[in-house]
Every structure is written in structure tokens, then in C-alpha cells.
Amino acid sequence: MLQYDLVIIGGGPAGLSAADSAREMGIKSILILERDNKLGGILNQCIHTGFGLHTFKEELTGPEYAARYIDKIQEKEIEYKVSAMVINITRDKQVTVMEKGAGLITIQAKAIILAMGCRERPRGALNIPGYRPAGIYSAGTAQYFVNIEGVMPGKEIVILGSGDIGLIMARRLTLEGADVKCVAEIMPKSGGLRRNIVQCLEDFDIPLKLSHTVTYIHGKERIEGVTLSKVDENLEPVSGTEEFIPCDTLLLSVGLIPENELSKKLGLSMDERTKGPVVTKEMETMLSGVFACGNVVHVHDLADNVSKEAKKAGISAARYILEEKI
Amino acid sequence: MIERKELTCIKCPRGCGILVETEQGRIVSISGNQCKNGKEYAKKEATNPTRVLTTTVKVLFGTEKVAAVKSKGEIPKEKLLPAMEQIKEVQVEAPVILGEIILEDLCGTGIPLVAAACVARKRLP
């Protein structure tokens, strides 16, 4: 069985920053496990700017921000595996990994840092009536299509939910020639950053319809349009306000949820409000020697804040390993 | 006649509301910003709004299909869509190195388009 002092699950902004700070604290035996085929996590598809203002005092794109950390990992010769998905963690810190080419491997760790990030809320969580036609994607999936695969999800777009990814995709798809009809937000106020409303919607005259939601999805094979309705103060659709908007694509930007399958399997105490594991201020979970940081703990607005929190987790995990040795 | 323009700063996530007062196209006062970046932003936004453009270009023989690129500096807002037309025609051959110049001049702005990510060349099987 492979043995490492510190195993970090996830090679995105949290995992990379945690690895870097643990190495700074003198931990030599570190392994990062990443399920994608490269390090960087979601930063790779976040090609917009706005990263690094706190950490590097300059404005970077997502891939540039990731590259700064990946360079550190490589300079410090921190080990990592890509195309390696963790499928189980035991309470005595054995990590089971499915690695491309190698198959199933088990790793014994002294300490573990959970840095799996988050995932998007799917359509199923919204209960919109209609068939299940093609053309409905989460905003992040559309972002992956455009920025990684280089293909467009559609031409006439409606975006439901005004989270930051939805706003950023409204601009991105407009730049690529799509007609973004509107962004509908059920709440009276957008959940996205004010700056994104300005530079992603107002710059391109894309209407933001507050207190509106999609009440029906039209189309059987491919989405043909949506019914948009106004909602009252109880968020209930107001009858008589229905408006049909033709579109071939509906993007959902309705929130993020920490990805905690592994944490739950491990039996960690979870926080109902954040949907992440309960952590101490040192970022240790209720299981001694298991730490967590970044969006797996709670969804952050900024990658810079993820890096900062992960740094703390890296330091705490290093202290745990060093104290054990004494 | 003093004209008042309310802006939201996009320089950082704080998103300050800034009030710019102009008289015959000349700025007479800027208020509401919490830092000097905000003042700079308001000055430009009231006279010549600019943005950094980020997009992708097609990559040939790469391990990735596209490479992230950005304008190396801000370009006038109204040049964003014309610049996209220009970029649409561009294909680059891997390897792509972060920071490498992809286009010397975006739409006559004098601002180059640079790679914002690395893409390795695909090894032949």
C-alpha cells in the first residue's frame, strides 16, 4: 500500500493552495489526487478575469490564476495524480482511488485534506413542468462546452437564475454571437456580484428580469421556448403575467452545493446551512486529522478566499502531522 | 448644466456605487469610490469606457481544442464585438505558451491579444 503523510483530495484552487502551504510548513510527503486529466479544477474553464486581486495584487483570468499555483506545485516537486478519482475514505485514513491506467489503488495517509469543491444545482431541484427536451444545461456545463470544448450550446438563450456563472455566461455567449434573451431571477435581487451585472448584462443590454421565473418548458425533442411568469412576494407565480419566450437553450444558474459524497460516507458531521462538513476554525473536521477547505466547506464568492482558507487548512494539517511525529 | 452619472465600479468585488458629475463633457467631481482604482475607473467610464476582453482561440495539434486568450490591457467597450469577429478567424498551432502574443493589434487599438493558458502539442500515437 502506498503511504503519504498528507493526501489532498482535489487539485483545484483549494487543493493546490493547501498543498503549497503544507509544503512550506515542512511536510515532504504530499499527494494531490485530481479526478480531471489536469490540475486547476474549475479555474480552467473560468477564462474571465477577476481572480488574484487579493492573492497576487493583480487581475488574472482563471487559467492564469491556476497556473501560478501549478507552477508552485511543480517547483516544489509536490506529487500529484490526475485522472485519479477517490471513491472511498475510511475513518483510519485509507483512501481508495481509481486511477486511469493503474486501476484501483489504496493509499494510507496520516492526514487528509478534503478539497473537492462544489457542483451546480440541477433542474430536478427546481420542479419546472414540461418534457425533458434537449437544450437545458447548467450554466457551468455551458461554460465547459464553450471554453474547453469550443462548441456553442445554442443560439437563442434564456438564463434562469442570476448567479455569477449565469451572468458570466450571458456575456460569454453574447460575445460568441448568441442572442441572450434575458436572465430571469426569482428573487427581487440578483445573487450575483454587482460588478457582474454591470459588465456582463448592462454592457450588452441583456435584460435582468427580477421576481420572474420559468413556469413551463416548451418543446419535446429540443426546447422551443419557456413561459416566464412574474412572482409575488411569496415567490408564487402571478397568474396573467405569463410570457412566452422562444429559445433553443435554457441555462440554469441556480446555486452551488458543496460536493460531499465522500465526507458523508466518512460519517463527518455536516452543517445543514452550508451543506459542508462542520469544521473548527483551524479547518479540521470532527474527525481528527481530516481537514476541509474551499467550496466543499461552503460556497465562496471568490477563488482568492478559497486559496486563503486552504492555506489555513494546509498549515493545520501540517501541524497535525508534525505533532504526531513527536 | 451639471450632468450626474451613477456608476458601479467593476474593479473589484466590492462594487462601489460612484457618482460622476460632468459639465460639458468635463468631469467636475467623482464621489463614492473607496480607492484610487475606483476613481480611475469612473474617469474612464464617464468618458471612454474600456474592458479587458477574454475569449478562446482554436488550437491545431493541441492537447486541448481551444486556448484561453485575453487582451493585454483594456480596449474600448465598443470594440469588444468587432474584436471577437477578428479573433474568430484565428487558429494557432500548439504548443501555446501562457503570455505568448496571438494577435499584434486588436482592431486597431494597438493592444495585443495574448494567451492566458498553455496548451501542449499532442504527441503522435
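In head-count terms, 26 residues of chain B touch 27 residues of chain A, where contact means heavy atoms within 4.5 Å.

A word on ground rules: this is a predicted model, in which local features need pLDDT of at least 70 and side-chain atom pairs count only at pLDDT 80 or more, while totals for chains, interfaces and linings use all residues. Residues are numbered from 1 along each chain as its sequence is written, chains are lettered from A and ligands numbered from 1 in the order in which they are written, and side-chain values use heavy atoms, with hydrogens and water left out.

## Charges and polar pairs between the chains

Five salt bridges are counted between chain B and chain A, a salt bridge being a side-chain nitrogen of Lys or Arg within 4 Å of a carboxyl oxygen of Asp or Glu. One of them joins the side chains of A:Glu64 and B:Lys70, at 3.1 Å from N to O.

As for which residues of chain B face chain A, they split into 15 nonpolar, five polar and six charged. In this scheme Ala, Val, Leu, Ile, Met, Phe, Trp, Tyr, Cys and Pro are nonpolar, Asp, Glu, Lys and Arg are charged, and the others, Gly among them, are polar.

## The two domains of chain A

Chain A itself is divided into domain 1 (2-119 + 256-325) and domain 2 (122-252), with bounds from an automatic or database domain assignment. Their C-alpha centres lie 32 Å apart. Nine residues of domain 1 are in contact with 11 residues of domain 2, and the two domains bury about 850 Å² between them, 55% of it on carbon and sulfur atoms. In domain 1, A:Gln45, A:Ile47 and A:His48 lose the most area to domain 2, together 56% of what that side buries.

The rule finds one salt bridge across this domain interface. The side of domain 1 that touches domain 2 has three nonpolar, four polar and two charged residues.

Methods
Buried area is the accessible area (1.4 Å probe) that two parts lose on being put together, summed over both.
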